[in-house]
Amino acid sequence: MPTAAAEATSETDRRRAQPRREIIYRHAWPVRLTHWINALTIFILVGSGLNIFNAHPRLYWGQAGADFDKPFLAFARPWPDWLTLPSYMDLADARHWHFFFAWVLVMNGAFYLAWSLASRHIQRDLWPTAGDVRAIPRSIADHIRLKHPKGEAAKRYNVLQRLAYVGLLALAVGMVLTGLCMSPGFDAFAPWLVAALGGRQSARTLHFLFASAIVLFIAVHLIEVVLAGPLNELRSMITGRYAVPGEHD
Amino acid sequence: MTIITRQKALLTRREALLGGLAGGGLLLSGCSRILQVDALTDSTSFQRVLAVAQSWTRATQRFFLAGGQMAKEYKPSDISPHFKANGTLNPGGDDYERHVAEGFVNWHLKIDGMVSHPLTLSVADLRRLPSRSQITRHDCVEGWSAIGGWTGVPLALLLRAAGVRAGAKYVVFYCADNLDGDPAKGGEQSPGQYYESIGLVDAMHPQTIIAYDMNGKPLDVAHGAPLRLRVERQLGYKMAKYVRHIQLVSDFRAIAGGHGGYWEDQGYDWYAGI
């Protein structure tokens with residue numbers, strides 16, 4: 001009897017001492033590479049974008065809009081210098097940063113999309129399945145309670161994650177298109193797209209709103225990384241290796 | 001026991017949430033310092049790297065606009081009730097004031113440089129030439145737009161009459177306004193004197209005109225009287241006001257600050273299609 005009890009105790013101790021956490025290869029190298037290029041690029045685009053915005057901190061709806069027209073949204077104060085890039089107000093320099101990194105975003109995004117579609121990463125990992133759609137209410141409840149999936153369920157993206165990532169892709173495409181529609185050269189090439197978005201000033205307003213949505217995504221994304229285990233999450237986006245949270249963790 | 005654990009867990013979550021928010025804020029404010037963005041912005045070699053994007057943009061737009069696409073033209077009802085005037089609102093100075101008082105009857109537009117037949121035309125001469133009217137959207141680099149109606153002489157017509165010589169690549173516009181001070185002194189290449197330049201592709205485009213009328217009336221002083229340039233597929237700063245001299249050149253590096261325009265000399269891109 002004492003022997004059996006001691007055995008059982010030592011078995012539990014051993015399991016406690018060496019939890020056999022399953023390590024999976026979660027993120028393929030193109031995902032990791034484009035993720036970090038994107039992180040830097042979006043940071044620079046938001047900062048330089050706010051600097052550009054400060055040159056005329058009013059948004060309009062329609063083709064035209066200036067000081068005398070009714071704004072859709074007007075800001076009383078410019079964005080503070082610690083948020084803008086460069087930190088001092090300089091439209092010319094901010095445009096240089098913005099357009100250079102807009103090209104980086106487009107090329108990085110094109111590579112990501114091409115790889116993700118060809119490898120079926122989007123179709124397999126990001127596009128919600130019918131089961132996912134049915135699980136939306138439960139997933140919302142889990143997120144509100146900050147309950148994170150464990151075991152097998154943690155090996156795949158949950159439905160809110162899938163929707164967030166697919167939504168982010170759509171927003172990125174929207175950013176590029178609304179950005180292009182502010183260019184008078186592009187407008188001569190595709191006036192129909194400008195009209196479809198409601199006009200050049202509408203495109204500028206949408207550009208700002210989409211960017212705000214991306215900043216919101218980043219805030220939630222960072223909070224989720226911290227909640228889900230920042231070291232494990234960071235490691236998985238650097239080396240690709242992810243420790244699956246156990247059922248009893 | 002259970003309650004304590006739950007409380008503990010909740011606390012951890014709240015801490016994690018606050019930590020995430022604080023971390024995000026720190027990341028945003030700290031990154032610009034870590035990345036040394038201001039120092040990078042000031043560095044000429046880094047500026048050269050960023051400037052690569054300008055040539056990509058220009059090459060891409062030139063490629064997609066090779067068909068000579070027209071900027072969208074609007075209906076008279078689309079015209080902005082108030083068209084914002086920007087840059088110089090009145091060049092001032094004795095010379096310009098005299099022209100205003102005379103109704104610009106003695107204003108002359110000189111076309112020279114790499115042309116076979118240099119021309120000097122009065123505003124009345126220009127008004128007798130074939131004209132083009134267009135209602136277009138004016139996009140300022142600052143972000144705002146206004147719609148206005150313009151009538152003027154197609155630049156292509158003037159350039160054909162003058163005969164562009166082989167080797168000419170740019171059309172330079174010298175203006176009567178000085179954004180830094182008094183326009184009466186120093187001549188057309190003095191510091192602060194407004195000037196602009198465009199390539200021959202844009203110069204020969206049908207919507208590129210030397211405008212003398214705005215919304216059916218002679219141009220007012222704030223909008224560039226008596227003559228201004230319209231280059232509809234580029235930003236507002238290209239559309240020089242108070243134009244009095246057009247020069248064909250093979251290179252603009254020897255002119256004023258050497259970057260092809262007043263704002264270009266302040267760091268703005270020469271190609272303003274974006």
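## Terms and conventions

Two strands are said to pair if DSSP finds at least two bridges between them. Helices (H or I, at least four residues) and strands (E, at least two) are DSSP runs, numbered from the N terminus. This is a predicted model, in which local features need pLDDT of at least 70 and side-chain atom pairs count only at pLDDT 80 or more, while totals for chains, interfaces and linings use all residues. Residues are numbered from 1 along each chain as its sequence is written, and chains are lettered from A and ligands numbered from 1 in the order in which they are written.

## Strand S7 of chain B and its partners

Chain B contains eight helices and 10 strands. Strand S7 (residues 209-214) of chain B pairs with strand S9 (residues 228-230) of chain B through three bridges, in antiparallel fashion. Across this pairing, B:Ile209 has B:Arg230 in S9(B) as its bridge partner. Strand S4 (residues 145-154) of chain B is also antiparallel to S7(B), with five bridges between the two; here B:Ala211 in S7(B) stands opposite B:Gly152.

A further antiparallel pairing, of two bridges, links S7(B) to strand S8 (residues 217-218) of chain B. B:Asp213 has B:Pro218 in S8(B) as its bridge partner. S7(B) and S8(B) make a hairpin with two residues between them, and B:Asn215 in the turn has a positive phi of about 50 degrees. S7(B) is mostly covered, with five of its six residues buried. A residue is buried if 20 or more other C-beta atoms lie within 10 Å of its own, exposed if 12 or fewer, and partly exposed in between, with C-beta atoms placed from the backbone.

## The open sheet of chain B

Five strands of chain B form an open sheet in the order S2-S1-S10-S5-S6, with mixed pairing. Its edges are strand S2 (119-122) and strand S6 (193-199) of chain B, each of which pairs on one side only. Strand S5 (residues 170-178) of chain B runs antiparallel to S6(B), and six bridges connect them. Among these residues, B:Asn178 has B:Gln193 in S6(B) as its bridge partner.

## Burial and nonpolar cores

Of the 274 residues of chain B, 39% are buried. A nonpolar core is a set of buried Ala, Val, Leu, Ile, Met, Phe, Trp, Tyr and Cys residues joined through C-beta atoms within 7 Å. The largest such core has 83 residues, and the members that touch the most others are B:Phe173, B:Cys175, B:Tyr195, B:Ile210 and B:Val243. H3(A) contributes the most to this core, with eight residues. Apart from it lies another core, of six residues, including A:Ala66, B:Phe83, B:Ala146 and B:Ile147.

Residues are in contact if their C-beta atoms, placed from the backbone, lie within 7 Å. Leaving aside neighbours within four places in sequence, the contacts of B:Val243 include B:Leu109, B:Phe173, B:Cys175 and B:Ile210.

Just after H3(A), A:Arg120 has a positive phi of about 65 degrees.

The buried residues of H7(A) include A:Val159, A:Arg162, A:Met175 and A:Gly179. Their cover includes H3, H8 and H10 of chain A. A:Gly179 counts as buried because 24 other C-beta atoms lie within 10 Å. Not counting residues up to four places away in sequence, A:Gly179 touches A:Ala102 and A:His207.

## The contact between the chains

The contact takes 39 residues from chain A and 48 residues from chain B. Helix H2 (29-54), helix H3 (91-118), helix H8 (184-189) and helix H10 (200-228) of chain A each supply at least two residues to the side of chain A that touches chain B. By class, this side has 25 nonpolar, nine polar and five charged residues. Here Ala, Val, Leu, Ile, Met, Phe, Trp, Tyr, Cys and Pro count as nonpolar, Asp, Glu, Lys and Arg as charged, and the others, Gly among them, as polar.

Terms used: Two residues are in contact if their C-beta atoms, placed from the backbone, lie within 7 Å.
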